[in-house]
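Here is a quick walk through one protein model, told through its side-chain pairings and helix packing. Have the sequence and the 3D view open as you read.

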Amino acid sequence: MSIEASSFVLGLSMGQGNGIRKLILLGYANHADKHGRGAYPSTRTIADYAECDVRTVQRHLRWLIERGYLHEGDQRMVDHLDPRYRPIVYDVAMTAEQIKQWAAGTGPETGNVPVQRMLGAAAAAHRLSSVGVTMCHPCLGTHRRRSAGATTCHPWTTVPGVTPTTVQR
């Protein structure tokens with residue numbers, strides 16, 4: 001639990017009527033370390049905190065990532081978990097400058113990978129030229145490539161004109 005991350009989140013203004021969004025971010029901050037890193041609660045846990053549905057958490061999570069409040073963290077933290085059930089590790093922004101950098105895809109990190117996965121294959125491939133992820137068709141944002149050598153997360157799904165994209169880190 002991080003009091004530093006939680007207190008930063010409590011001081012944020014996310015606009016009127018976005019209490020659930022703030023509760024979701026607070027749930028991630030609660031699971032992060034004092035530097036805002038390494039939060040990987042399940043969406044079910046976050047949904048329980050915010051007293052909402054898992055789909056609501058996923059929708060607000062996408063918004064929080066796009067705006068730079070959350071950023072994909074070090075995925076090695078969940079290597080000890082069964083690959084079929086590994087959550088995505090997120091870092092929580094701890095400064096207003098960090099929020100701006102993550103939203104813009106700049107700064108010490110090489111870009112906001114979840115947002116770039118959600119953009120679609122062509123736009124994501126362009127913006128991911130130095131990031132290093134493997135992507136499949138335009139679903140791109142809700143899951144990750146799990147098995148070594150696999151080029152798509154859904155081999156049975158084909159999208160005309162879209163091919164798997166791999167860029168180097």
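## Salt bridges

D74 and R76 form a salt bridge, with their closest N and O atoms 2.9 Å apart. (The term covers a side-chain nitrogen of Lys or Arg within 4 Å of a carboxyl oxygen of Asp or Glu.) D74 is partly exposed at 33% relative accessible area, while R76 counts as exposed at 63%. For these labels, buried means under 20% relative accessible area, exposed means over 50%, and partly exposed is in between, with a 1.4 Å probe and protein chains only.

How many salt bridges does the structure hold? There are 5. Among them is the one between the side chains of R67 and E66, at 3.1 Å from N to O. R67 is partly exposed at 35%, and E66 is partly exposed at 34%. Another one joins R37 and D33, with 3.9 Å from N to O. Here R37 comes out as partly exposed at 43%, and D33 is partly exposed at 30%.

## Ground rules

A word on what you're looking at: this is a predicted model, where local features need pLDDT of at least 70, side-chain atom pairs count only at pLDDT 80 or more, and totals for chains, interfaces and linings use all residues. Residues are numbered from 1 along each chain as its sequence is written, and side-chain values use heavy atoms, leaving out hydrogens and water.

## Aromatic pairs

The structure holds 2 aromatic pairs. To qualify, rings of Phe, Tyr and Trp (its six-membered ring) need centres within 6.5 Å; planes under 30 degrees apart are stacked, over 60 edge-to-face, and the rest tilted. Y28 and Y90 have ring centres 5.6 Å apart and planes at 85°, so this pair is edge-to-face. It ties together distant parts of the chain, since Y28 is in helix α2 and Y90 in strand β2 (residues 90-92), 62 residues apart. Helices (H or I, at least four residues) and strands (E, at least two) are DSSP runs, numbered from the N terminus. Y28 counts as buried at 1% relative accessibility, and Y90 is buried too, at 5%.

W63 and Y69 make a stacked pair, 5.8 Å centre to centre with 15° between the planes. Both W63 and Y69 are buried.

## Around L25

L25 sits in helix α2 (residues 19-31). Buried or exposed? L25 is buried, with a relative accessible area of 0%. Setting aside neighbours within four places in sequence, L25 is in contact (heavy atoms within 4.5 Å) with V9, L12, M14, L64, Y69, L70 and V92.

## How α3 meets α4

Two packed helices are described by the angle between their axes and the distance between the axes. Helix α3 (residues 43-50) packs against helix α4 (residues 54-66) at about 100°, with the axes 8 Å apart. That makes α3 roughly perpendicular to α4. Axes are lines fitted to C-alpha atoms, for helices over the stretch in contact, and angles run from 0 to 180 degrees between N-to-C directions. Under 35 degrees is roughly parallel, over 145 roughly antiparallel, 65 to 115 roughly perpendicular, and the rest oblique.

On the α3 side, T43, R44, I46 and A47 meet V54, V57 and Q58 of α4. The residues of this contact divide into 4 nonpolar, 2 polar and 1 charged. Ala, Val, Leu, Ile, Met, Phe, Trp, Tyr, Cys and Pro count as nonpolar, Asp, Glu, Lys and Arg as charged, and the others, Gly among them, as polar.
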